[in-house]
Amino acid sequence: MVYRTENMLLEPIHEVLHGTHNDVVICRDRNSPVAAKYTLWIVHDRGCIRALLDLFENSPRELLEGESPYLARFAEGESLCFLFDYRPARPLRRFAPGQAVSVQQREQIGIDLVMACLSSPMPFAVLALLLEQDCVNIAADGSVYFTYEVDLAPLNPADDEGVCTDLCVTAILALEPDNKKLKSMKLLHMKLEKSSYQSLAELYRDIRLTLVPERKPSLRKRLQGMWLRNKDRWFRWLLRVSVVIVILTVLVLLCQLILGDVPLFRLFEHSMDVVGTERLDGGA
């Protein structure tokens, strides 16, 4: 199926979610010379459609930022579609441990996450879903960004900035190493337990107030970070090497069974019979 907007021809290339309230599909624009990709929400629940329209059209955040939360909106049969930019997912919970090897780096990621929430034109109720459903990502350069592969079934239009702030604090505290509470995060723990946060700006101020002085991470921490960043790549490399070794072993066994020996080994069979001008096998 192809989806048409005013100036795009969207061809689905991967379905991420098929839900009760919405589907999420990664699309390619056939009209784009670089085959640009987009994330498409196909909302087919009428109650969810009404809630989204109300949130998007009446959100004070959208009016404040002057930026629409989506690139395009269009109808497809009885469904309503919302189009967003696409970026590959690099979930914060998975990639941050390898990039944040010092307290200062974790604090900076926390600041970047709060800034990403503050600068997002998304209504708070939708932003809460992004924070809840692991749509917070970290780029290789440490910047934080959102993806939009989200299930809209739990959407609660009443979720406000306080809910988003608590979810943001939870994501920041998850960066603490081995579940150890950092002194600089003590204030965040206390306020989260009391649910006393009301705004993202208050959270930003608290993080800035408790920043730990810059200090170079230890060699152990740097090595640990290098391992966490590259372990998937190293495992893939080891897997390829292991496959090659298995294939060579099987070939050697087959040669031994079929030919009685391995032809390659014959190259080395008499390699030491002659040293210089002398023969070691007793020949002239």
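Two strands pair if DSSP finds at least two bridges between them; strands (E, at least two residues) and helices (H or I, at least four) are DSSP runs numbered from the N terminus. The model is predicted: local features need pLDDT of at least 70, side-chain atom pairs count only at pLDDT 80 or more, and totals for chains, interfaces and linings use all residues. Residues are numbered from 1 along each chain as its sequence is written, and side-chain values use heavy atoms, with hydrogens and water left out.

**Sheet**

An open sheet is formed by 6 strands in the order S1-S2-S3-S4-S6-S5, with antiparallel pairing. Its edge strands, S1 (3-4) and S5 (72-76), each pair on one side only.

| Strands | Bridges | A residue and its partner |
|---|---|---|
| S3 (residues 22-29) and S4 | 7 bridges | Ile-26, Thr-39 |
| S4 and S6 (residues 79-85) | 6 bridges | Val-43, Leu-80 |

Strand S4 (residues 37-43) is mostly covered, with 6 of its 7 residues buried. Buried means under 20% relative accessible area (1.4 Å probe, protein chains only).

**Helices**

In helix H3 (residues 92-99), the buried residues are Leu-92, Ala-96, Gly-98 and Gln-99. They line one face of the helix, because they fall within an arc of 165° seen down the axis of H3; the arc is that of the directions from the helix axis to the C-beta atoms.

Leu-248 lies in helix H9 (residues 219-259). Leu-248 also belongs to a nonpolar surface patch of about 930 Å², whose other members include Leu-239, Val-250 and Ile-258. Patches are made of residues with over 30% relative accessible area and no salt bridge, nonpolar side chains (Val, Leu, Ile, Met, Phe, Trp, Tyr) being joined within 5 Å. Accessible areas come from the Shrake-Rupley method with a 1.4 Å probe, and a salt bridge is a side-chain nitrogen of Lys or Arg within 4 Å of a carboxyl oxygen of Asp or Glu.

Note on methods
Buried means under 20% relative accessible area, exposed over 50%, partly exposed in between (1.4 Å probe, protein chains only). Patches are made of residues with over 30% relative accessible area and no salt bridge: like charges are joined within 9 Å, nonpolar side chains (Val, Leu, Ile, Met, Phe, Trp, Tyr) within 5 Å.
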